[in-house]
Amino acid sequence: MKKLLVLICLLCNYYSYSQSITIFDVDMSTYPIMRAKFFALDSLGNQITNLSPSDFSIVENGLQRQITSISCPPPKPIDALSSLLIIDVSGSMGWGASTVSNLELAKASANAWVSGLPLGNSECAITTFDHNNYLNQDFTTDRQKLLN
């Protein structure tokens, strides 16, 4: 039952997307005034740029703090990326300590990479190896070909 629950959680996580915010480069050098950089993404992974201080709430030790300003520069165009996925399909990729094989984990990782890749101007190729090497998919921008 535990194995099924883990698999369901992984599948649900894979297909469920929500808004997200990532905060980084927190600058506390002028405390109590603080600065931080952030990325706010919508459920499709697109940058949200029309934010205002009223969209946020900051609480410190239970006290509401004032947000003085938010700056959202326009998103930069995504650089083209060429990536090559190399997957070990040899016997060593069999069953590990869990009931999910290492090969299944590698497939899930490859699917996540391909699904998150900004295709159109980015490309990916897939190759596997055991005692030989195999070119499974040459460089392409076609997501479905990569997932197949």
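## Report on a predicted single-chain model

A search of the whole structure finds 0 disulfides, a disulfide being a pair of cysteine sulfur atoms within 2.5 Å. Cysteine 124 is buried, with a relative accessible area of 0%, whereas cysteine 72 is partly exposed at 22%. Here buried means under 20% relative accessible area, exposed means over 50%, and partly exposed lies in between (1.4 Å probe, protein chains only).

The model is predicted: local features need pLDDT of at least 70 and side-chain atom pairs count only at pLDDT 80 or more, while totals for chains, interfaces and linings use all residues. Residues are numbered from 1 along each chain as its sequence is written, and side-chain values use heavy atoms, with hydrogens and water left out.

### Overall architecture

The chain holds 3 helices and 7 strands. Helices (H or I, at least four residues) and strands (E, at least two) are DSSP runs, numbered from the N terminus. In order from the N terminus, the elements run α-β-β-β-β-β-α-β-β-α. Of the 148 residues, 15% count as buried. Among contacts with a separation of 6 or more, residues 24 or more positions apart account for 41%; a contact means heavy atoms within 4.5 Å.

### Aromatic pairs

The whole structure contains 2 aromatic pairs. Rings of Phe, Tyr and Trp (its six-membered ring) pair if their centres lie within 6.5 Å; planes under 30 degrees apart count as stacked, over 60 as edge-to-face, and the rest as tilted.

| Pair | Distance of ring centres | Angle of planes | Class |
|---|---|---|---|
| Phenylalanine 24 and phenylalanine 39 | 5.3 Å | 25° | stacked |
| Phenylalanine 38 and phenylalanine 56 | 5.4 Å | 65° | edge-to-face |

Phenylalanine 24 belongs to strand E1 (residues 20-27) and phenylalanine 39 to strand E2 (residues 35-41), so their pair ties together parts that are 15 residues apart in sequence. Phenylalanine 24 has a relative accessibility of 29% and therefore counts as partly exposed; phenylalanine 39, at 42%, is likewise partly exposed.

The pair of phenylalanine 38 and phenylalanine 56 is edge-to-face because the planes of the rings stand at 65°. This pair links distant parts of the chain, 18 residues apart: phenylalanine 38 is in strand E2, and phenylalanine 56 is in the loop between E2 and strand E3 (58-60). Phenylalanine 38 is partly exposed at 26% relative accessibility, and phenylalanine 56 is partly exposed at 25%.

### The largest pocket

The largest pocket holds about 1,600 Å³ of space. On a 1 Å grid over the protein atoms alone, a pocket is an open set of points where a 1.4 Å probe fits, with protein on both sides within 12 Å along at least five of seven lines; lining residues have an atom within 4 Å of a point. Grid points are joined across faces, edges and corners, and the volume is the space filled by probe spheres set on the points.

The lining comprises 39 residues, of which Ile23, Ala36, Lys37, Phe38 and Phe39 lie nearest the centre of the pocket. Elements E1, E2 and E3 each give two or more residues to this lining, and E2 supplies the largest share, 7 residues.

### Two polar side-chain contacts

Threonine 128 lies in strand E6 (residues 123-129) and counts as buried, at 11% relative accessibility. The side chain of threonine 128 makes a polar contact of 2.9 Å with the side chain of asparagine 136. A polar contact is a pair of N or O atoms within 3.5 Å; within protein, one must be able to donate a hydrogen and the other to accept it, and residues adjacent in sequence count only if both atoms are side-chain atoms. Not counting residues up to four places away in sequence, threonine 128 touches Ile87, Val89, Asn133, Tyr134 and Asn136.

Arginine 65, in strand E4 (residues 63-65), is partly exposed at 37% relative accessibility. The side chain of arginine 65 makes a polar contact with that of glutamate 60 (2.9 Å). With residues up to four places away in sequence left out, arginine 65 touches Ile58 and Glu60.

### Backbone geometry

Most residues other than glycine have a negative phi, and most peptide bonds are trans. Tyrosine 31 and proline 32 are joined by a cis peptide bond, with omega about 20°; proline 32 lies in the loop between E1 and E2.

Aspartate 25, in strand E1, has a positive phi near 50° and is exposed, with a relative accessible area of 51%. Asparagine 61 also has a positive phi, of about 50°. Asparagine 61 is found in the loop between E3 and E4 and is exposed at 77%.
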